Amino acid sequence: MTDTVKYVLDETHIPKHWYNIMADLPAPPPPVLHPGTKQPVGPDDLAPLFPMALIAQEVSTEREIEIPEPVREIYKQWRPSPLFRARRLEKALQTPAKIYYKYEGVSPAGSHKPNTAVAQAFYNKEAGIKKITTETGAGQWGSSLAFAGALFGIEIKVWMVRVSYNQKPYRRALMETYGATCIPSPSSETQSGKAVLAQNKDHPGSLGIAISEAVEVAATHDDTKYALGSVLNHVLTHQTVVGQEALLQLEMAGDYPDVLVGCTGGGSNFAGLAFPFIGAQLRGGKKVRVVAVEPAACPSLTRGKYAYDFGDTGHLTPLVKMHTLGSTFTPPGFHAGGLRYHGMAPLVSHCKELGLLEAVAYHQKECFAAGVQFARTEGILPAPEANHAVKGAIDEALRCKKEGKSQVILFNLCGHGHFDMQAYMDYFAGKLVDQNYDEAELAMALAGLPAAA
Ligand SMILES: *Cc1c(COP(=O)(O)O)cnc(C)c1O
């Protein structure tokens, strides 16, 4: 049998709870600190930015957090997402390994991001919030929150990293179709944006800068809150519907993964797939190797420092301990815009320190080559970010071939690339270059890390 196999669950299998890995970790992650006092932040410090229900989830140590029924109702449109066995890819690679992938591109916005966007919009609506500000890199998060805002009648304003704003006009068009406003960052609408433009009026932007702009506006308006599409504990927790469903689907297939692979920008799709499996392992279940794949041009887990840092460039956020390249680091403008963040989710960073996961970095051309091989065998065209996971999974399958091992590999195909065709056209035209980050800039950004308690 060589055909691709699809494992489908019905809507009764949509998880009833999000899984919170905090309950199973052998040691808690270091606390989030107030940048002024260097003392742990309390719920009140975060209240200007987030509704209380999400702050409670951010600090929760409960293993299961109930998914509200209205959120599950919306999830029904695309969840449970399918799990596929990539038999044609296995055959092309002539590997004895079994390759499975969980496909999150079936959501309306085309990625895993609506899993948390819908939840966040729900809790903001419950709290009477009228407007949410946010940032977006490639536009996946902005369009996901725009979709969720449309469902709950909340106004969404998105600061989009300028280099992506110019590269990906169709993502912006999608946000506007959903009724959101999208402007390029750095912008002259905020103090943070103006400060960056004063130094360099052609600044390409970064997620760190766009976050500052969105946070600044939320912090200074009572009816406005802020939403983040990755990094934070509650966001990672919302994404665990992915891994929980995958556990059930692999049970249907009669398999259990030896290796999990995911791409990492801020860490949410990776954690969403991996945390339920890591949790099972921590509770005495089977050990899995967990591989985070990041871009060589923005390698926070493999080249960053595990240190307290700001989440944004303008230094408006609290200090979190994470693998970071420094909050002033501006990665080169490569095509996986969703992976251009200077830091890594504190929970993913903490798991790396605990030895629960490993990380590798790849350049963009080898990732596009993997994505093209995937499209030509499996038919689905991955987002440039997802190509990193495809590359990671292919390399694991080739390792299995070399070692003669029939291991089970599961990766997260976190989104499709239908809005990223310019990147594929550039790849085919030989226009993509493998950019390295600037060593001197990294050293400078790391030297500028805040002194922490
Ligand atoms: C946003 C995004 C990413 C990066 O964010 P994570 O929080 O690391 O998941 C990766 N892939 C896709 C398709 C995205 O939209």
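At what angle do helix 6 and helix 8 pack, and how far apart are their axes? Before the close-ups, note that this is a predicted model, where local features need pLDDT of at least 70, side-chain atom pairs count only at pLDDT 80 or more, and totals for chains, interfaces and linings use all residues. Residues are numbered from 1 along each chain as its sequence is written, and side-chain values use heavy atoms, with hydrogens and water left out.

**View 1. Helix 6 packs with helix 8.** Helix 6 (residues 140-152) and helix 8 (residues 169-177) sit at about 10°, with axes 8 Å apart; helices here are DSSP runs (H or I, at least four residues). That makes the pair roughly parallel, a label for angles under 35 degrees. Gln140, Gly142, Ser143 and Ala146 of helix 6 meet Arg171, Leu174 and Met175 of helix 8, where contact means heavy atoms within 4.5 Å.

**View 2. Strand 11 is largely enclosed by the rest of the structure.** Of the 7 residues in strand 11 (residues 289-295; strands are DSSP E runs of at least two), 6 are buried (under 20% relative accessible area). Cysteine 263 has valine 293 in strand 11 as its bridge partner.

**View 3. Leucine 248 sits in helix 12 (residues 241-253).** Leaving aside residues up to four places away in sequence, leucine 248 touches Leu9 and His13. Tyrosine 7 is 241 residues away along the chain, yet the C-alpha atoms of tyrosine 7 and leucine 248 are separated by 9.6 Å.

How values were computed. Axes fitted to C-alpha atoms, helices over the stretch in contact; angles between N-to-C directions. Parallel < 35°, antiparallel > 145°, perpendicular 65-115°, else oblique. Buried < 20%, exposed > 50% of the residue type's maximum accessible area, 1.4 Å probe, protein only. Pairing = 2+ DSSP bridges.
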